[in-house]
Amino acid sequence: MKKVILLASILLSFVYSIAQNKTIIDVGQFENWPSLIPSESGVAVSKNGNYAAYVILHQPVGQSTLVVQDLNSKWKKTIIAKTLKILFFTDDSQKLCWQQRDSIWTQRMGSDQKRLLGISSSLSYPNDAKGKWVLLSLSKTDSEVRLYNLLSDKGRIFSGIKDHHWLTGGNGLLLKTSDGDLKVLNLMTGKEQIFNEVKEYALSSDEKSIALVIKKRNTNKTSLQLVKLGGNPITVWEGKGGEEAGNFVFDKTGKQLAFTVQSSDGKINIWHYSSNKKSTTVKIDEKAIGFSENLPVSGIRGFSGNGHWLFFMVKKQLPLLSKEAATSLVDIWTYRDEVLNPAQTHEGQNFHDYLAVINLTNDKVQMLENEPDEEIGPIYDGNYIFLKTGGNSAGSWWPHSKPAENWLVSLANGERKLMKNQQSSFSPQERWIYWWDPKLGHYFSMNPITGKTSNLTESVPESVVDDVEQAIGAIPLGIIGWYADDSAVLIYDNYDIWKLDPSGFKTPVNMTGGYGKQHGVKLRLVYDHHQAYNGNEELLLSGLDVNSQYNGFFRIRLDKPGKPALLTMGPYNYYQTTVTKQGFGFNPPMIPLVAGKKGKECWIVMRESAVDYPNLYISKDLKQFTPLTNLKPQKTYNWLSSEAVSWRMYNGQLNHGVLYKPENFDPNRKYPIIFNYYEKYAQRCYQFPKPSLTTDNINIPWFVSHGYLVFTPDIQYTIANKPGGMTTGEAAYNAVASAAEYLSKRSYIDKTRMAIQGHSFGGGETNNIITHTSLFAAAAEMAGYSDNISAYLTLVGGFLNREYKDGVLVEKLHKMDHPQGRMGANPWERPDLYQRNSPVRNADKITTPLFIVHNQKDATINFRQGVEMYMALRRLGKTCWLLQYDNSGHYLENKKDALDYTTRLTQFFDHYLKGEPAPQWMTMNTLASYKGKNNLYELDPRGNCGKDCKVCREWNSKTSTTNLKTHE
């Protein structure tokens, strides 16, 4: 009997014929599928809303196509090149500025006219006025730049330019030459100001004034000049021999300037200039009131918003122990180390920076930070600041430091008031201090003058704690923003939007009329305005139905609370905001683009579903949508469909998931099914899952196209040490096994051919699930936990609370007892929980063949976790394999490894779920000598993957019968 190569489709690009003359997905095909770039460099709309531009990758294969078209006529222009990038439409909507590699072009709308602006090594334009100007650094010489006016088609060339800075509004430009000249160019009038021998410069926050450090070449003396744009410079400071000025900081109004002066002996003083007094004085030196000369100045932090206070940094020397004449090269690990020895650095530890402040009215200095564990937060506009003391970065478990405390500090007299929380912020006008209390699960406010505290959300009838992350802790849904006068604040609950009175007097108002909760729709803002609200704005909302997983748009007005206006809702994915998403998405979202006058807007959105490729659509009202692109590469392949599924888990709780079926689905057939999970995947129901090789979690289109059903259930977590709580493994079992039993009742699912697969946290869930049930014929996990005790105490690299240096393994943030691990207790407080949730300690209960992948370079979950699981099953004589890829870490990071894993994983599932012969790598022993020489993909119908494998026994029997007949 001839041996069969299972994945000939992978290795030989063989394509199988299936129903409707469509082919299965194969390597080398999906990598060249066309796709859109869902960002401003890939999609743009003109300011008047009449024109759109977009870039399609791999159309044709290996190249890109830029399309720019009139949305109201048939005019369209296409440009094909290797690398294309949209820059912007001009401000008058008459041209598109775009980039082809290092060439910058403009294309005139409605015309074939395009113009090469230049070959540029770099380009820039003012972000707040893009569409008027562009500055090119010409490739011939980095010191030559070309300023181009896109509206007038005029340009100017400047030589010897070292750097530049755009002014706010795009009406001005600073050009610093390599020989020390600074040119200030007014782009509206064309007038220039030139300053010579400028060593460095700094702009005021309003960009109306410039501080210039002038260093005369002939005298080598330094002076500081201040100039208002368009005016004449005035000298505010002149240095003596060897003195240097630097660290320039303007106040918010641009009327005050602080800077440091360093003498030739390295001593630093702080100087202050006020345009109101037209004088420059020394503010910080050894004569400063309340300031110790033993504290050297290290820099300026900035002015308070009201300009009354100046914050600066000083250095204190840390205590040093006496040194012996000779010391041994020995590492000392002490239990008091907050940072483990391997992660400790030895540089810069003799001094520590502390924050101080000076009252600019009476020149009195006070220290704000006095100990290394004290830290001042952001600088606000008024006369208060927050100081954090104690606590550390190691986590709440660290026993050797002071408890974390948060203090409100008065800058006027230094008085400290202990706050009830560890995180506080000021409202925009500083009328209120507000915070979230994770223990009580409520927002609070405090009047900083009277000290009165109000519970803002106590009378909100709905929970404002994130129901998706509630098992991690009381995490708020978030604050949307404040009203401009601090009279109200907008927040989310799980479904709706609320308006709260920070004084606590007025009753909270449900701005969406309870529509979200009533209909199970999570309503979230599409655009985060990052500004104070006036109370009459019209806001666009994204809605996600948590039951049907439909997505769409709504609109509300802040001055008319009530039911939001439904624009569209259906079995598509338009846009899910970060807050709305309950887990991971298949594709990066594209925020809707809008242009045109009020009432005549033109919207461009990206729409997709499981069966519809992501394409651009235009709309005038977000109700009716017209296709702008028509990409559908999946149509020639046996694609898939998705179904939102709900069922009751073992504990009676309703859960959600997504079932994927092949396009040629036959309800009269029996299908094998693979379950894949992490935390929450139901929101992906109407997202398009692009095909690829498997690098972590299984690629759904690949396996569905190869004849499998795939189901992705949500996992509903609790805190393990709470009454009725489950460990993460038990929660995964509750969700996945109950889903398997529920779906196995459907006539087209073969309950004897079900499998599970997960990666990372999902890999640990896989290990746990098979200790609770024998429902599954096969299981595969990559980079998962297997022993919670050893994981709790293991050193790892990457994703750390300290920088990962020189390949040294250091301490990982503890995720077992808190956040994702959800234990709620450490191993000594609740050893039973860790016993229950450690698969290696329950490995004797496993009957499912397990395929493990864990790499030695995994910097997230230590390789030891995979080895422990393998060793436990090996010692127990249970069927398992462990793969370790030399050139990958937590994920498979290169195509070669991903291709190998996709091949082996498909073979593994095909063997146990489809009854195919096992490959040689599953039937042979002592495989180390084959590494890098033979992948052992060849199927082995005579071999045995395990002594109890029914599939192998059947193939052995068939092979023996065939050989007997052949002999006869």
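This is a predicted model: local features need pLDDT of at least 70, side-chain atom pairs count only at pLDDT 80 or more; totals for chains, interfaces and linings use all residues.
Leaving aside residues up to four places away in sequence, E369 touches D353, Y354, L355, E374, E375, I376 and L387. E369 lies in the loop between strand 28 (365-367) and strand 29 (375-376). Its relative accessible area is 7%, so E369 counts as buried. The side chain of E369 reaches two backbone nitrogens: that of L355 at 2.9 Å and that of I376 at 2.7 Å. A356 is 13 residues from E369 in sequence, yet the two C-alpha atoms are 6.9 Å apart in space.

The aromatic rings come next. Across the whole structure, a search finds 42 aromatic pairs. One of them joins W237 and F259, whose ring centres are 6.2 Å apart; because their planes meet at 65°, the pair is edge-to-face. W237 belongs to strand 20 (residues 234-238) and F259 to strand 22 (residues 256-262), so this pair ties together parts that are 22 residues apart in sequence. Both W237 and F259 are buried.

W647 and F711 form another edge-to-face pair, with 5.6 Å from centre to centre and 65° between the planes. Here W647 lies in strand 49 (residues 640-648) and F711 in strand 52 (residues 709-713), so the parts tied together are 64 residues apart in sequence. W647 counts as buried because its relative accessibility is 2%. F711 is buried too, with a relative accessible area of 0%.

Ring pairs can also link up into a group. F703, Y708, F851, W881, Y901, F908, F909, Y912 and W921 are joined into a cluster in this way. The charged end of R822 sits over the ring of Y717, 4.0 Å from its centre, and R607 lies over the face of Y572, at 3.9 Å from the ring centre.

Helix 5 spans residues 761-769 and is mostly covered, with nine of its nine residues buried. Among these buried residues are F761, E765, N768 and I769. What do the buried residues of helix 5 pack against? Three of the partners are helices: helix 4 (728-743), helix 7 (831-836) and helix 8 (863-875). The others are strand 53 (749-759), strand 54 (778-782) and strand 57 (850-853).

N837 is found in the loop between helix 7 and strand 57. Its relative accessible area is 3%, so N837 is buried.

The last stop is the cysteines. A disulfide is a covalent bond between the sulfur atoms of two cysteines. How many disulfides does the structure have? The count comes to zero. C949 is in no disulfide: the nearest cysteine sulfur, that of C945, is 3.4 Å away, and the cut-off for a disulfide is 2.5 Å. C952 is in no disulfide either, the nearest cysteine sulfur being that of C949, 3.6 Å away. Are these two cysteines buried or exposed? C949 is buried, because its relative accessible area is 8%, and C952 is buried with 1%.

Terms used: Residues are numbered from 1 along each chain as its sequence is written. Side-chain values use heavy atoms; hydrogens and water are left out. Buried means under 20% relative accessible area, exposed over 50%, partly exposed in between (1.4 Å probe, protein chains only). Helices (H or I, at least four residues) and strands (E, at least two) are DSSP runs, numbered from the N terminus. Contact means heavy atoms within 4.5 Å. Rings of Phe, Tyr and Trp (its six-membered ring) pair if their centres lie within 6.5 Å; planes under 30 degrees apart count as stacked, over 60 as edge-to-face and the rest as tilted. A charge sits over a ring if NZ of Lys or CZ of Arg is within 6 Å of the ring centre and within 35 degrees of the ring normal. A polar contact is a pair of N or O atoms within 3.5 Å; within protein, one must be able to donate a hydrogen and the other to accept it, and residues adjacent in sequence count only if both atoms are side-chain atoms.
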